[in-house]
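Visitor: Could you walk me through this model? I would like to start with its open spaces and then move on to helix packing and the backbone.

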Amino acid sequence: MTGPAVPFREIVLKVHSRCDLACDHCYVYEHADQSWRTRPKAISDHVVSRTARRLAEHARTHALPSVTVILHGGEPLLAGPARLRRVCEEFTSALAGIAELDLRIHTNGLQLSPRYLDLFDEFDVKVGISLDGDRAANDRHRRYADGRSSHPLVLKAVELLRQERYRHLDLGLLCTVDIANDPVAVLDALTGLEPPLIDFLLPHATWDEPPPRPDGSPTAYAEWLLTIFDRWQEQGRPVPVRLFSSVLSTLSGGPSLTESLGLAPTDLVVVETDGQLEQVDSLKSAYEGAAATGFDVFTHSFDEVAAHPGVRARQLGLAGVSETCRRCPVVRSCGGGLYTHRYRPGDGFDNPSVYCADLAALIRGIEDRTAAATESPAVRDPDELLAAQQDLTRTLLAALHGGLGGSGGEVWESAWALAAELEADPAGQEGLDLVLAHPYTRTWLLDALEAVRAGRPVHGPPVERLAATVAAAAVHAGLDLAVPVVHRDGRLFLPTLGEVRIGGAEETGTAVVRAEGEGFAVRAEGGSVLHIARGAGEGPQWSPVRRVAEAGPVRVADGPGPGPVHVLDDLDPYRSCFDTPAAERLSPQAADAWSVSLAQAWELLAEAVPEQAAEAAAVLTTFTPLTTSTPLADGPPVQAGRPGYGALGIAAAGDAQALAVALLRGFRRAKLRALAEVADLYASDGSWDHRMPWQEEGEEPVPFSRLLSETYERVGLGLFAPQFLSGVPQALDLIEEAAETTVDGKQLLAAMRKEINGTHGTSGRNGRKTATESAAVR
């Protein structure tokens, strides 16, 4: 084995193995593993030095940008300032020039004083303090051996850390849950101290030693935490709570933010005071020796520890949890719970968490309470999706401007300044929005940004496109704004308008475009002026972007004005963004035939699926003919390609039914991709595979993204041609039960069920009639 699947980025360094409190819930002293009795009280200089060198070696081998060292115990402050200084110096020196060092210390706070904090300030050591709430809650477990309260001294430590000179060192408060405590009083006591973070931890327990449940409720801990959550929401979320933030993150498709939840692989190793290398400390709750690896810093590297079966087991993600957990829809959020909490004598850790019911209830409770606020409106409202896509395009344009950093030259800077002038005028802003909404604007921006991010020089057409965009926007707005635009090979293309031919086929130069009456004028460098009137048809010097009629043949646009409803774009240089090459400029006869087929297809859709047809007609503004016209079994080729929302590359077919299916398929594909660009529909981590109900025997399972996309497509198609609904109810059930589905994904699922229900009176779950039971599908 050449190295760990996941390198260690965090080490817990036990600098002292004794404590000045006698907390009865402590996993170190009160649980199964009592190995602390045989270890040195304090870490030696030799162990510190050797550990620092091992960590530096590991960071260098894996090119880690940063590593975290947590000083722990027992109570780490009992090591004393001199020993802690030695630790800080050794690790700072060893990691210098290799990786950024993040030093932290977790303490009960009793010994904290300016003497320690001045040392921590010198080495930027962040401080986390354990506090279980108000005095009644804290003193339930965190007492001295003689029973005295620790609460006053802990508060004193917290107040000291809150002083302005030390506030930057404050990591926050760590609270162990006890359901015997008043949850509201606990939260109020903690938030009243204004920490930067609160971390709630479930008390360590296993199936052999389960957590106390005084009233017998299997979800008592969830209920306690949800009461805290409600109070936290009521207070306006004044302080980040790691547990809640992690659940909210994973519900939205993001990562877990804590070791106790989620499927992120472990990247932590523990170094005991004698130099022994161990797994995560909480394993001491399971059984004697559960955390041991048999390795030490003197004879073993961190890579060797990472290869230990116990460590590997916690780096497997979904494969590392029990079969029960793998089938659970909340596994992304809970991750099977803390590894320690899965232990049961006889079958080890291959179990759900002893808090399984609590974790499921907590996650679902948080989702129920926040779904409405966290759902993306783009999933529910087509207009919001269009607005989000427009915002994304403008964001990409700003990113390109920033990425060029002045390297676009005078051509770009001049066009950028003119764009600002347009923006200052309401009509100009509307015109610019219209052109930026053109799908091939997105293709241009993505291509140019890709070059910038790859470090390639960006010049020529990618830079010149901005001026053409501004010129077209000014023409649409009717603003008297002179916009210099580069023409190449005798051609000047204005997005959404058409192509002007200037001079010879090999001539390149600059022309000035200016709105003029009902049209616009183009003045070439030589002084000649070409006037393009509204409604001008095809000519030797002008080829308009054609509008496609709702029915009947193609008609030429009436000139500059509101954006086209449907256009046949066989001119835009950025239309070649599909897998199949785009066709060259169509003849008038070919364009007429293409438009007739399209109009007939729209009529079929409007009759069969009026709501979908209306939305698709509003969105699919731009059609680009492709070079192939070979029909597929269930419709002609259709491709969403790489443009912005609203363009399809499509090969016209004489059969209106096949073209209608193709339009619907293209619309569903384009919409799902557009949604995925602005909303988190599913989590992309993990290694889930799903078998789609319509797959042939022997076909490999597919990722969730494909299950979702094909199901979404089939729902839309099935409303037009019911044979496509075969297998869809089962697929919807799979999506509902899938761990990858986020809050927005569930909203989309509900929309799909509603679509089927509204058209066929079907729903698929909870005792209601399914699509496969409907006469339409039979």
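Visitor: What volume does the second largest pocket have?

Guide: This is a predicted model, in which local features need pLDDT of at least 70 and side-chain atom pairs count only at pLDDT 80 or more, while totals for chains, interfaces and linings use all residues. Residues are numbered from 1 along each chain as its sequence is written, and side-chain values use heavy atoms, with hydrogens and water left out. The second largest pocket has a volume of about 710 Å³. On a 1 Å grid over the protein atoms alone, a pocket is an open set of points where a 1.4 Å probe fits, with protein on both sides within 12 Å along at least five of seven lines, and lining residues have an atom within 4 Å of a point. Grid points are joined across faces, edges and corners, and the volume is the space filled by probe spheres set on them.

Visitor: Which residues lie nearest its centre, and how many line it?

Guide: The lining of the second largest pocket has 23 residues, and E611, E615, A751, K754 and E755 are the ones nearest the centre. Two or more residues each come from α14 (377-380), α21 (610-619), α22 (656-678), α23 (704-720) and α25 (743-760), where helices are DSSP runs of H or I with at least four residues and strands are runs of E with at least two, numbered from the N terminus. The largest share, nine residues, belongs to α25.

Visitor: What is the lining like by class?

Guide: It divides into twelve nonpolar, four polar and seven charged residues, counting Ala, Val, Leu, Ile, Met, Phe, Trp, Tyr, Cys and Pro as nonpolar, Asp, Glu, Lys and Arg as charged, and the others, Gly among them, as polar.

Visitor: On to packing: at what angle do α21 and α22 meet?

Guide: Their axes are 10 Å apart and the angle is about 70 degrees; axes are lines fitted to C-alpha atoms, for helices over the stretch in contact, and angles run from 0 to 180 degrees between N-to-C directions. α21 and α22 are therefore roughly perpendicular, a label for 65 to 115 degrees, whereas angles under 35 count as roughly parallel, over 145 as roughly antiparallel and the rest as oblique. Q612, E615, A616 and V619 of α21 meet L664, F667, R668 and K671 of α22, contact meaning heavy atoms within 4.5 Å. That contact has four nonpolar, one polar and three charged residues.

Visitor: And how do α18 and α19 pack?

Guide: Helix α18 (residues 439-453) packs on helix α19 (residues 461-477) at about 150 degrees, with axes 10 Å apart, which makes the two roughly antiparallel. In this pair, Y440, T441, W444 and A448 of α18 meet P462, R465, L466 and T469 of α19, and these residues divide into five nonpolar, two polar and one charged.

Visitor: Changing topic, which residues does a cis peptide bond join?

Guide: G73 and G74 are joined by a cis peptide bond, with omega about 20 degrees, and G74 sits in the loop between β2 (66-72) and α2 (81-95).

Visitor: What phi does E194 have, and where is R237?

Guide: E194, although not a glycine, has a positive phi of about 55 degrees, and its place is in the loop between α6 (183-191) and β6 (198-201). R237 is not a glycine either and has a positive phi of about 50 degrees; R237 is found in the loop between α7 (220-234) and α8 (242-251).
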